[in-house]
Amino acid sequence: MESVADIMLIKAKYSLPYNGIPESRNGADMMNNCRGFYMPLGVMLIFTRDEGMHDAGWWKNPDYARCYHLSISFKDPATGVPIPFNKKVADLWVKAFFAENIKLIWCESPFSEEGKKLGVWHYRLFMSLGWVAPILPRKEVYSRDFIPKHWKTWSEVQSNIKDLNFGEPIPKVPV
């Protein structure tokens with residue numbers, strides 16, 4: 001397990017940081033370079049360096065701007081069908097990836113519809129500016145205590161766009 005974790009950590013360090021947009025170059029890089037399947041236990045792993053969630057307005061607190069992000073789910077090795085989450089095995093993987101920093105890990109249960117269907121759990125180790133050292137973020141993810149008063153989230157800016165466009169909604173662009 002430790003050697004798999006070491007290889008995935010090296011790949012994450014030398015890949016583009018994931019920006020949270022699956023369709024971007026970062027998303028393609030993540031899917032190509034930062035995922036693995038440990039067949040003996042049916043463990044699906046994705047390990048990335050995430051950066052930009054604060055700048056994009058997702059999270060207000062800048063302490064949450066960058067992290068190492070481990071996603072774990074389980075699939076039947078023969079069929080590829082999702083199988084129930086195995087907490088004991090997942091804990092071993094979390095220890096293999098984060099070792100002495102395990103007390104700083106932020107753990108998150110499945111959130112998206114697809115994540116719930118696949119049983120994907122997320123483990124994040126937040127990092128200081130420049131990726132120098134692990135940190136324990138101050139306060140919670142939506143705390144505004146460390147940002148300028150005028151700063152707005154992406155969703156707040158989007159909700160005000162029609163005001164900037166003289167009340168006319170922005171036309172939808174076909175995908």
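Modeller: Here is a walk through the core and then a pair of helices. This is a predicted model, where local features need pLDDT of at least 70, side-chain atom pairs count only at pLDDT 80 or more, and totals for chains, interfaces and linings use all residues. Residues are numbered from 1 along each chain as its sequence is written, and side-chain values use heavy atoms, leaving out hydrogens and water.

A nonpolar core is a set of buried Ala, Val, Leu, Ile, Met, Phe, Trp, Tyr and Cys residues joined through side-chain atoms within 4.5 Å; buried means under 20% relative accessible area (1.4 Å probe, protein chains only). The largest one here has 22 residues, and Leu45, Leu70 and Phe97 are among those with the most contacts inside it. At least two core residues each come from helix 1 (2–14), strand 2 (43–51), strand 3 (66–74), helix 3 (87–98) and strand 5 (121–126). Helices (H or I, at least four residues) and strands (E, at least two) are DSSP runs, numbered from the N terminus. Helix 3 gives the largest share of this core, 7 residues.

Now find Leu70: leaving aside residues up to four places away in sequence, its contacts (heavy atoms within 4.5 Å) include Phe47, Trp93, Phe97 and Tyr123.

Next, look at the two helices. Glu2, Val4, Ala5 and Met8 in helix 1 meet Trp93, Ala96 and Phe97 in helix 3.

Terms used: Buried < 20%, exposed > 50% of the residue type's maximum accessible area, 1.4 Å probe, protein only.
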